[in-house]
Structure formats: C-alpha cells, structure tokens
Amino acid sequence: MEKRYLILDDGTSFLGEGFGDLSNTTGELIINTDLNGYQEAITDPVYHNQIIMFTQPSIGNIGTNPQNYESIITSAKGIVVNQREDINQSPLKAQNLSEFLRERQIPGIWKIDTRALRQYVQSHHVQKASIVNTNDEHAFDQLTAAVLSNQQIQAVATPKPYLVPGSGMTIVVIDLGLRESIIRQLAKLNCNIIVVPWDTDFKGIISLAPEGVVISSGPGAPEEIDNTVLETIIKLQPCLPLFGIGLGHELIAIANGATVTKMASGVHGNHHPIRQIITNDILYADQSQTYQIERQSIDNNRLIITFVDLINNSIQGLRSRDYPTFSVQFSPEGTSGIDSGLDLFAEFTESILVRRRLNNNEFGI
Amino acid sequence: MQDEKVVLDSMSMQRALTRITYEIIEKNKGVGNLILIGIKTRGVYLADRIANRLKKLENTDVPVIKLDITKYRDDQQSVGKVGNVAENTVDITNKNVILVDDVLYTGRTVRAALAAINEIGRPKRINLAVLVDRGHRELPIRADFVGKNIPSSKQETIKVLVSEIDNRDGVEIKQP
C-alpha cells in the first residue's frame, strides 16, 4: 500500500494511504458532511480547485455510475476519506471509486480520522492542504507558496452557448459552473433550455427570447466576479422572472444592495434544517456554501428573506419585493437523495405560465 | 361511473398559495394597506391561508373579511334573501382589497361579490385572487392572481378541497 501524507498549511501532517491517482495535489480544504452523494460532490464544479474531506466514515459503498454526474469534467483536486470501499453494486456500466478517481486523475487519501481532522481544521482555520508522498520541508514550502486561481468560473463554465431542446418554455441558464442536475430538473419540466456563458450580457440574453432566466451555482468568491454578471442581473430583473441558485443567489443579493462575506467555516452537507419562512416548513437540502449574505445589509424595502438555516442562522433564500426574482443558497435539485418535496423549479415555471396567460389574456372571456 | 382526477395535489396547492402570496406583496408594494375578502365558503379558508403566510413573512396581521354573497346572486334560489354580507366588518374605505375565491368560472360569483363589497364600503382598489381559473367567462372579469389555469369543458365539475372542512387539500376534476 502506498503511504501518503495529508499536509496542512499550518504545518501539521497526517499519515494515510493513497488511492485513485497518486500524483501530488494542492487545494483549498473543504469539509463535506453528506452521508450520501459522494459522486455528486466529487463532480460538482462548486468544488473546483478544492480538496474534499468527507466526514462520513465510509465512502465508496455504491461505486459510481454514469447517471450521477454533476459535470463530465471533474475539477476537484483530491479527496480525503476514513474508510475507502471499492464496491461496485450498480447494475449500470460503472466503476468503483478508485477506478473512477484514477481515470479522472484525482488523488485520494484514506485511513485518516476525518472526524477528528474536521475539528482540528475548524479550530485552526486551515485553508490549504496538499496530498503528497513526503512531508518534508520542501512540501510545506510548496504548499505555502501555492496561489489558488481566482478564475474558477472561467475554468468550469461553458465558453459557448448550447441548447438542450425541449417542447416547453424557453429558459436561459447563465452558467457560472452549473451542476447538471439543474438542467435535469428543467428538462423534467419540458423546458427548452439555452445555457449561455457566464459573461453573456443583457442584450445577448434578451435576443434569445427566454421567458425566464436561471442564474446557476458555481465556484469561487462572488466579489471577484466580473461586474458583467451583476449588470446583467440588474437589467434582467424588471423584465423577466429570475431564479438564482448558490453563487447565483449571492449575486442576486449583491445586485440588490446586500453584502456577502466569507464564512469562518463553510457548510457542505445536507444535515442543516432549513426553515421556509412563509409556511414554517422545515426541509433538508444539499448545501455547499462558503460565503454568506450579511443579514444587516439586507434592505427590507427591496428583499424578503424566505429561507433561513436553523443551525447557523444564515440566509438561505431571498425574494425581490419589486420583481419576479427569487433565489436560494442551497441546491433545490434534491441531488444526493434528499427530496424535500419542495419544488422550486415547478414554482418558477408555474409563475411564468401564469404570467404568460395573464399578459396574453389567453384565458377568460 | 364518474371519473375523478386529481389536478392539483396538496403540495402543489400549497405552492400555488405561496406563490400567490409573494405576487400579492410584489404587486401591492407591501401589505400595509391590504385587506383580504374571502368568498364563502372555501374562499374564506384560502384567504385565511394567504393572511397566515403574509403574517409569517411580514409580521403584519392582514384582516380577513368573510363575505356572504347569497343575496346578490343572480340565480333563482337567491331572490328575496336578506341579511348582512359580512359578519366581521372592518373599514375597507381606501384600502387595497384582494378578493379571494376558489374557482373562477363564469365570473357571476365575482360580480355578486363586487356588489356585496359595495354594501360595506368603497375600497381604493379591488384585485382578484383565485386558486383555479377554468375559463368559460360570461362576464368581463379576470383574475390578477391565479394558482393554476385548468382548461375544462362545461360538463366537467371542478372541486377545490380544503383540509379545514374536506379533510384534505387538493383540486379534483370530475367527468360527467
């Protein structure tokens, strides 16, 4: 077995064993507390340039399969697990976890007590980590010197527009590094989906004649994104129904005057209860959140808070008072088996349908 | 044998009411000057639910008036009926009224409701919110907030169920 080290930017190192790809890797260390959905996490572009550490002690129990991709090109930098399993139970043509990682050149390290490591990482504010063969001074120097790119969206979002044809209403999705499950949910509702590059401007979107616009999730810091996206949101708001997810939600908040800050420790998992304020319903959904909206920055004359995380009190949903714009921080797609029964995609398309009929006076006399 | 089909389940009905509530806030620019008037029977329960949602979002109590339109109906049975149109009177002068009903069909119920509202005051504006719009209007009336458009034939019956009196939520369509 291949001995390997997980080294942290505060100088500590942990001995484990390598699996998957055996190259050296460096990235931002992210703690994922999902009990299921490891394949979705590994393929989610939100984790671009990041090393994902799973606190669920046993990873790989159901292998991987071609239906669970969140993106075809994976961009996570590595994974850290306690117990690795190379089981392959899927009846579909599938790979076990090690094969999956090896083929995609993602290094993994196991036999690490990830639950203890989580506590350490959170109390010591660890940011960066590497998976390496030797934990010598040179390796730490390399880790300290590593500068992580802030061009994450450019790295994962589509450079060209493409169409996912459907027989229903035309929806434009602004790709900031989207999860495929966003497309799957819209496709389920027969939408004619046009995915456009992240920097498509207002004119470019309007020329496609959509009835609604989704602003996708994606990696990176909202404040580092080129202003094009914000300008597009500000111009689109009065014209068309908008639905923001994750990073898209953060940008909608900023476009409406709120400020966004980096959390001391992010939330990556699906165990936080989230309250839908309007009904008092509690739901659980996938969260992959590193930034949060400052509560006191919310202008109550412009935005309504619609969802709140009950563990850390962070804002999980917003709605514009003036425009048909709404957004959520969590993943409303129900990807990793969490189905809250809350169907925000249906709410989005229903509101478009009703507006269309009212505007055209299709119904009635 | 009658064929019964669920066209809106409980979840979708909740979602429609939630969406209507958000749209009311959006169109009305807040809830300060708002009064809900529910048309008996089911319109009242739907109005209560919208008021409940507004309370949770805005922490404001929006009054709900229960409207009895019997004496303003234009069909045979109601000729000569007397009595109050509302049990709980709230001053509606210069208020923005949202009239709430379960199904919008010919428009005659809404016309009767407008006449009944006239009896209790003169609001600034009246908007109409319905859970279901099934078409076949006989009067020039349209809804401002619609839960779901359900194209129907005149032979079909559309029934809105509310858990308060029907033990469950939903909308069903019955073939003749």
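View 1. Val80(A) stands opposite Ile109(A) of β8(A). The two strands concerned, β6 (residues 78-80) and β8 (residues 107-110) of chain A, pair in the parallel sense over two bridges; strands are DSSP runs of E with at least two residues, helices are DSSP runs of H or I with at least four, and both are numbered from the N terminus. Two strands are taken to pair if DSSP finds at least two bridges between them. Seven strands of chain A close into a barrel with mixed pairing, in the order β1-β2-β8-β6-β4-β3-β9. Neighbouring strands of this sheet are turned against each other by 35° on average, direction ignored. Helix α4 (residues 137-145) of chain A lies across β1 (3-8), β3 (25-32) and β9 (128-132) of chain A and runs at about 140° to β9(A). Axes are lines fitted to C-alpha atoms, for helices over the stretch in contact, and angles between N-to-C directions run from 0 to 180 degrees. Residues are in contact if their C-beta atoms, placed from the backbone, lie within 7 Å.

The model is predicted: local features need pLDDT of at least 70 and side-chain atom pairs count only at pLDDT 80 or more, while totals for chains, interfaces and linings use all residues. Residues are numbered from 1 along each chain as its sequence is written, and chains are lettered from A and ligands numbered from 1 in the order in which they are written.

View 2. Ten strands of chain A form an open sheet of mixed pairing, in the order β10-β12-β11-β13-β14-β21-β20-β19-β16-β17. Its edge strands, β10 (162-164) and β17 (281-283) of chain A, each pair on one side only. From one strand to the next the twist averages 20°. Helix α6 (residues 180-188) of chain A packs on this sheet and touches β10, β11, β12 (192-196), β13 and β14 (242-245) of chain A; the direction of α6 makes about 155° with that of β12(A). Within the sheet, β11 (residues 170-174) and β13 (residues 212-215) of chain A are paired in the parallel sense over four bridges. Ile215(A) in β13(A) is the bridge partner of Ile174(A).

**View 3. Helices α8 and α9 of chain A.** The axes of α8 (residues 228-236) and α9 (residues 247-255) of chain A come within 9 Å and cross at roughly 70°. α8(A) is therefore roughly perpendicular to α9(A), a class that covers 65 to 115 degrees, whereas angles under 35 count as roughly parallel, over 145 as roughly antiparallel and the rest as oblique. The contact is made by Val229(A), Leu230(A), Ile233(A) and Ile234(A) of α8(A) with Leu251(A), Ile252(A), Ile254(A) and Ala255(A) of α9(A). These residues divide into eight nonpolar, no polar and no charged; Ala, Val, Leu, Ile, Met, Phe, Trp, Tyr, Cys and Pro count as nonpolar, Asp, Glu, Lys and Arg as charged, and the others, Gly among them, as polar.

**View 4. Helices α1 and α2 of chain B.** Helix α1 (residues 10-28) and helix α2 (residues 42-58) of chain B pack at an angle of about 60°, with their axes 10 Å apart. The two helices, α1(B) and α2(B), are therefore oblique to each other. Leu17(B), Thr18(B), Ile20(B) and Thr21(B) of α1(B) meet Leu46(B), Arg49(B), Ile50(B), Arg53(B) and Leu54(B) of α2(B) in the contact. By class, this contact has five nonpolar, two polar and two charged residues.

Technical notes: Two residues are in contact if their C-beta atoms, placed from the backbone, lie within 7 Å.
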